[in-house]
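Me: I am new to this structure. Can you show me how to read an interface and a helix?

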Amino acid sequence: MKSAIAALALALLSGFVPGFANAAEITGAGSTFVYPLLAKWSDDYSKQGGAKINYQSIGSGGGIAQIKAATVTFGASDMPLPPADLHEAGLIQFPAVIGGVVPAVNLPGVAPGALRLTGPALADIYLGRVKTWNDPEIVSLNPGLTLPALAITVVHRSDGSGTTFNWVDYLAKVSPEWKARVGEGTSVSWPTGVGGKGNEGVAAYVQRIKGAIGYLEYAYILQNKMTYALVQNAAGRYPEPGKASFQEAAASAEWSKTSDFDLVLTNAPGDGAYPITATSFILIHRTAGATGAVKGALDFFRWAFAHGDASAEALDYVPLPASLTAAIEAYWQANLP
Amino acid sequence: MSAGGARMLRRQVVNGLALGLATLATLTGLIALVWILATILINGAGALGPHLFTRATPPPGSEGGLLNALLGSLMMTGLAVLLGTPIGILAGTHLAESGGRRWIAEAVRFVNDILLSAPSIVTGLFVYEIIVQPSGHFSGIAGAVAMAMVLLPVVVRTTDETLRLVPVSLREAALALGAPLWRMVLFVLYPAARAGMMTGLLLGIARISGETAPLLFTALNNQYLSFDLTRPMANMPVVIFQFALSPYPAWQQLAWAGALLMTLFVLLLSLGARFMLRPRRG
Amino acid sequence: MSGMAIARAAPRARRLPWGDRLFRLLLASAAILVLALLGGTALAIFWGALPAFLHFGSRFLTGLAWDPVRQEFGALVPIYGTLVTSAIAMVTAVPISFGIALFLTEVAPAWLRAPIGAAIELLAGIPSIIYGMWGLFVFAPFMADHVEPALTALLGPLPILGVLFNGPPLGIGMLTAGLILSIMVVPFISAVMRDVFLLVPLALREAAVGLGATRWELVWRVVLPQTRSAVMGGIFLGLGRALGETMAVTFVLGNAHEFSASLLMPSTSIAAAIANEFTEADSNLYRSSLIALGFLLFVITFVVLALAKWLLARLSAGEARR
C-alpha cells in the first residue's frame, strides 16, 4: 500500500516536475494563425521527450510587442519585420509555416470554387466601388455563371490581424488605388463593410448575410465547409487554394535574395501559385550564443521542421520546402553562433 | 357619480396597465436569464464528462480536458483572495471606524467605488506595466495581482458596509470594559459582521472568476499543467475565449463546456452569498 | 454615525496604547493602498496616453479618422459608439428595471419576491464573456432574422426616426450591443430601485393608500418623488457599467470605425476598440492612442460614477434629516 502511494507520488512528481528539471520553460506568443499548429507541434515534441513549449495566441502585433519587451522567448507574426527594425530591436526572424487567405462568399446557388475573381475586382469590391454581384466587372469574369442582383456586403476583420495584413498586402500589390487610398497593415481604415471579431466572427457574418464576401484562413474555409471564390494569380490562372498551390507559391519565392527572410508571398509568380499565400514568422532575440531558452526554442523548431510535416498537413497548413529549412539552419548558424 | 365613476375607472385602468407592464418587464428579465442559461446548458452539457477534470487542454485533433485551466484559475483565485482579502478588510475597517467626517476616509470610499466599476481591461494594462514588463515574463502571480485588484474594492465596500451595521452599543460596551481598539475590532466587530463580510468575499470571488480582460496581459495562458506561479498559467476565461473562436469543433466543444462550468460556479457562489445574507436581512 | 461614536469614545492617537497605534497605522495604510492603486492606475494610463495626446492635441478628441496605416487617430467614432450603445442600454434598461422594482415591491406576492429578485440578480453574476458568446452565436442571429427586418419595415419609412432603423439586418451593430448591455445593467439598476423603494417609510405608504391611491399612484406620486435622487444614482451606476463593459460588446458591435446614423450598423466603442486592437497595435503611436482611449473611458466613467455617488448620497443625507 505504502509503496503504491509512493509510486503514485513519484509518477505525479515526474509528471509535473519536468518544468523545474528542464529549467528553461519556453514561452512564445503572437500570431493567432499558427496557434493550432504550434500547440500540436508542442504536444508532439513534449511527448517525445522535448521541452514544453507554451505558445499563446495574442495576435501578431502582440507577438512583436512582447518579444521586443522580452517577456517571451519567441514571438510569432504573420507580417515580416523589415531588417532595419530587426536590427534595431536585436531580433532575428525566420518563417515557420505557410498557409493561405481565401475569400469566402455567401451566394445561393454558387458552388465552392465556381466564382472567379481577379485581384483588381476584389480591390474594387473592398473599395466599395463594385456594389452588386451582377456588376459587369464580376459578370465578365464568370461567363458561365448566373449572378444575382444581390448587394455585396463586405466583411473584414474587426481586430488587427496578420490575416488582414496578407489580404490587404495583396490588394495593394494589384490595385494602385487601394495602395494609395487604404495602404497595408495588420489593421487598416476600411472604406466599407462590417467587421467580425477573429476568423470565427468573419465566418459567422459571411454565413449569415446573403451576398457577403469575407476573407478567411484556409482552415476555417475547410472546417466550416464554406463557399470560396478562386482568385487569379500573377500568371493569369485560377489555382484552387490548398497545399499544392500554397507550396508552389512558397517554392517560387526567392528567399535567398532576401535578408532576414523579409518576404511576403502574396502575388507570387508561377502558374500554379496561390496568389494570397501567407507566411508566419518567428522572432527571437539575437543573443551572444544560442543558450538556455533560446537554444530550447531553436531545438524545437529544428525538430518541427524535421518531423512536423505530417501534423502540419493534417491541420491544413503547408510545411516549409526543404530548401527553405536548410536556409533557415544556415541563418541560425550565422546569427546565433 | 358618472363623472367620478369614469375617473375611478380610468385610474383603475392606468393602475392595471402599469402593474401589467411591470410584470411584463420582470418576465423580460427572466426570459433573458433562461435564454442565456439554456444556451450555455444545451451547448455545454454534451461536452461534460470526467475527462474535463483529468486531462489538460489538447492540441487540435486530440482529446483533452480543462484540468490545467481549472487548476490554474483555482490557484490564481486562491492567491488573489490571500492578497486582496486582508488588505480589503483592513481598509474597509478603516473606513467604518474612522467616521464619515474625515476627508481621507471619504476620498478612499469614493475612490473605492470608482475602482469597483472601473473597466477591468485597464487593470490588466496597469499590472502588465508594473509586474509583467519589469519581471520579464507573464506569470500566474501577475494574474493573481490583477484579480486581487478587481476583488479588493468588493471586499472593502462590503466590510465597510457591514461593520457600520454593527450596533454602536456593542462597540461602546467593549471599549468601556477597557478593551483596546484592536481587540474590540477583532473579537467583537468581526464576529458580529462575519456573515456580511463572507458574502462580500463570495461575491468578489464570483466576480473575479469570470474576468477575462485582466488576465490576457498578465497570466497569459499555458497549454500545460503548471504549478509554477512565476510562469504563464492556464486559466478558464482565456481558454474559453481562445477555443470559442477557433475553427476546430473539439475546441469549440471544450469552450462551451468551460463556459457551463464557469457559469455554474459563479452562479452557485452568488446564490451561496445570498443564502448567507438572508439571516441578517430577515 | 457609529464611526463617529468610536472617534469620540477612543482617545486621540497620543494616548493610545502601542497596540492600537499599530493597528490604526495598519488600517490607514491599507486604506492608503487602495487610494494608491487607483492613483497608480490613473497615472500609468495617463503616462501611456501622453504621446498620443501630445502628438494629436485636441484633434484626438474631434478626429474622425482611425487609420493605423497613416498613423492618424481620432477618438470621435469610439466615443460616439460608446455613448450611443450606452444610451440604447439606458433607454431600454431604465423602464424595465423600474418595472421589475415595481413588480417586486407592489405586484408580486410575498413568497415570490425573494426568488424572482434572486433570479434577476443572477443576471449580474453571469460572466461578461458568456454574454459575448451568447450574443455572437445566439442573440445576433435572432436580431438579424426576426427583430431587425421587422424594425426596418415598421419604423424605416418614418421621416426622421426612420434613419435610425434603416440598413441591412446584420445582427451585429449598435442596437444589438445596446440591448445586450441593457440586460447586463438591469440587475444593478433594478436592485437599487427596489432597495430604495423599500426604504420609503411605511407611514407614508399607509397614508397614501388610506387616501385611496391605487398602487401605481402610490409608486408614481409618493415613492418615486421620495427616492428620486437615489433612483437617478442607480441609473448612473448602471450607466457607468454600460460605458466600461468590454468583452460582451467586443463580440457584437462589429468594430467599424465609421459614423452611421442607423442603429443597425456596426460601430465601435472605446472598450471594444482597446480589446480588439491592443494586441495588434504595431507602432508606439497606435498603442498610445489606444491607451489614450482607455484614459478617456476612465475619465468618463469617473465623472458618471461620481455623479451617481453624489445622487445616492443626497438620499441618505435627506434620510438623516428626517
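Reply: Start with area. The size of an interface is often given as the accessible area lost when the parts come together. In this predicted model, about 7,400 Å² is buried between chain C and chain B. Carbon and sulfur atoms give 79% of that area.

Me: How many residues does each of chain C and chain B bring to the contact?

Reply: Chain C supplies 78 residues and chain B supplies 82 residues.

Me: How many salt bridges are there between chain C and chain B?

Reply: The count is one. Glu217(C) pairs with Arg11(B) in a salt bridge. Their closest N and O atoms are 2.6 Å apart. For polar contacts, the rule finds six residue pairs across the interface of chain C and chain B, both residues at pLDDT 80 or more.

Me: Which element gives the largest share of the side of chain C that touches chain B?

Reply: Helix H2 of chain C, residues 18-56, gives 19 residues, the largest share. Now sort that side of chain C by class: 55 residues are nonpolar, 13 are polar and 10 are charged.

Me: Now the helix. Why is helix H4 of chain A described as largely enclosed by the rest of the structure?

Reply: Buried means under 20% relative accessible area. Helix H4 of chain A spans residues 60-68, and eight of its nine residues are buried, so the helix is largely enclosed by the rest of the structure. Among the buried ones are Ser60(A), Gly61(A), Ile64(A) and Gln66(A).

Me: What follows H4(A)?

Reply: Ala70(A) does, and its phi is positive, near 60 degrees.

Notes: Residues are numbered from 1 along each chain as its sequence is written. Chains are lettered from A and ligands numbered from 1 in the order in which they are written. This is a predicted model: local features need pLDDT of at least 70, side-chain atom pairs count only at pLDDT 80 or more; totals for chains, interfaces and linings use all residues. Side-chain values use heavy atoms; hydrogens and water are left out. Contact means heavy atoms within 4.5 Å. Buried area is the accessible area (1.4 Å probe) that two parts lose on being put together, summed over both. A salt bridge is a side-chain nitrogen of Lys or Arg within 4 Å of a carboxyl oxygen of Asp or Glu. A polar contact is a pair of N or O atoms within 3.5 Å; within protein, one must be able to donate a hydrogen and the other to accept it, and residues adjacent in sequence count only if both atoms are side-chain atoms. Helices (H or I, at least four residues) and strands (E, at least two) are DSSP runs, numbered from the N terminus. Ala, Val, Leu, Ile, Met, Phe, Trp, Tyr, Cys and Pro count as nonpolar, Asp, Glu, Lys and Arg as charged, and the others, Gly among them, as polar. Buried means under 20% relative accessible area, exposed over 50%, partly exposed in between (1.4 Å probe, protein chains only).
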